[in-house]
Amino acid sequence: MIDVRRSEIVSLVKQHGELPVTELSKLLGVSEVTVRSDLKVLADAGQVRRTRGSVRLPMDVRRESPLEETRLEHSAAKRRIGRAAAALIRDGETVFIDVGSTTTEVARALSPTLQGVTVVTNGLNIALELERLPGVRVIVTGGTLRPLQHSLVSPYALDVLRHIHADRLFLGCNGVHAEHGVTNANHEEAEIKRVMVAQSREIVVVADHSKLGKTSRALIAPTDRISTLVSDRSGPAPPPELRRAIPELHLV
């Protein structure tokens, strides 16, 4: 019942763009206290944005772009981030490499001298990038294909991931916010990312400067779960609260 009501709230906000709490209370037939409680949960998950007395869609409401387009945005910064992140991998490790344009640069930057490394990915393009490396074993999750990102999601992808424990996860995202955590634009992919987080000892978030301080639709993980954030110096300095929330922040 609670989940149905919260889904209804999201649906109503999408229809109207912005709604007062009082209006939501009337439409749903519940108290304003109940509505505010629901809105807190939804806002923490990045599905809505709370304002004074109202609720609206999150700031990040852009259409999801194909990987071929996002690769062109801040491409030089993403290459630097990819090289810095790839240097963290050691022989013998098992790592998850998430889908995305920046994580693709991590895969491209992996050293050909690595030995005994296992990479698990739900990105078809990432798996193909790693074919060239003789010392890297590649496991693809399987699942349903999302052509925009060349990614594999449920069903089946979750089953594979839950049987693997990784030393390190290289995680892509659409936003990193001190309070709202690491978020993503697509809910299906966020579900996969959350399981990767749960199955990993260390979480390395790779995100260019345009993602810092931003919040997208779906929660992946709180900031206190992040081991390291690798970003770039091309834009404004990261917000001070983000620096405090993630002590291991590397700018390249």
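Let's begin with R6 and D38, whose side chains come together in a salt bridge, 2.9 Å from N to O. This pair connects distant parts of the chain: R6 sits in helix α1 (residues 2-16) and D38 in helix α3 (residues 32-44), 32 residues apart. Both of these residues are buried. Keep in mind that you're looking at a predicted model.

What's going on here in general? Side chains of opposite charge can pair when their charged atoms come close. Across the whole structure, a search turns up 13 salt bridges.

Another one joins the side chains of D98 and K193, at 2.4 Å from N to O. Here again distant parts of the chain are linked: D98 is in the loop between β4 (94-97) and α6 (101-108), while K193 belongs to helix α9 (residues 187-198), 95 residues apart. D98 and K193 are both buried.

Now hop over to E129 and R108, a salt bridge whose closest N and O atoms are 2.9 Å apart. E129 lies in helix α7 (residues 124-129) and R108 in helix α6, so the two tie together parts that are 21 residues apart in sequence. E129 is partly exposed, with a relative accessible area of 22%, and R108 is partly exposed too, at 32%. Elsewhere, salt bridges with shared partners join E93, D167, R168, R201 and E202 into one network.

Finally, back to K193, which is among the residues touched by N184, as are C173, E189 and R217. N184 is found in strand β11 (residues 181-184). Is N184 buried or exposed? Its relative accessible area is 4%, under the 20% cut-off, so N184 counts as buried. The side chain of N184 also reaches the backbone oxygen of N186, at 3.3 Å.

Key:
Residues are numbered from 1 along each chain as its sequence is written. This is a predicted model: local features need pLDDT of at least 70, side-chain atom pairs count only at pLDDT 80 or more; totals for chains, interfaces and linings use all residues. Side-chain values use heavy atoms; hydrogens and water are left out. Helices (H or I, at least four residues) and strands (E, at least two) are DSSP runs, numbered from the N terminus. Buried means under 20% relative accessible area, exposed over 50%, partly exposed in between (1.4 Å probe, protein chains only). A polar contact is a pair of N or O atoms within 3.5 Å; within protein, one must be able to donate a hydrogen and the other to accept it, and residues adjacent in sequence count only if both atoms are side-chain atoms. Contact means heavy atoms within 4.5 Å. A salt bridge is a side-chain nitrogen of Lys or Arg within 4 Å of a carboxyl oxygen of Asp or Glu. Lists of a residue's contacts leave out its neighbours within four places in sequence.
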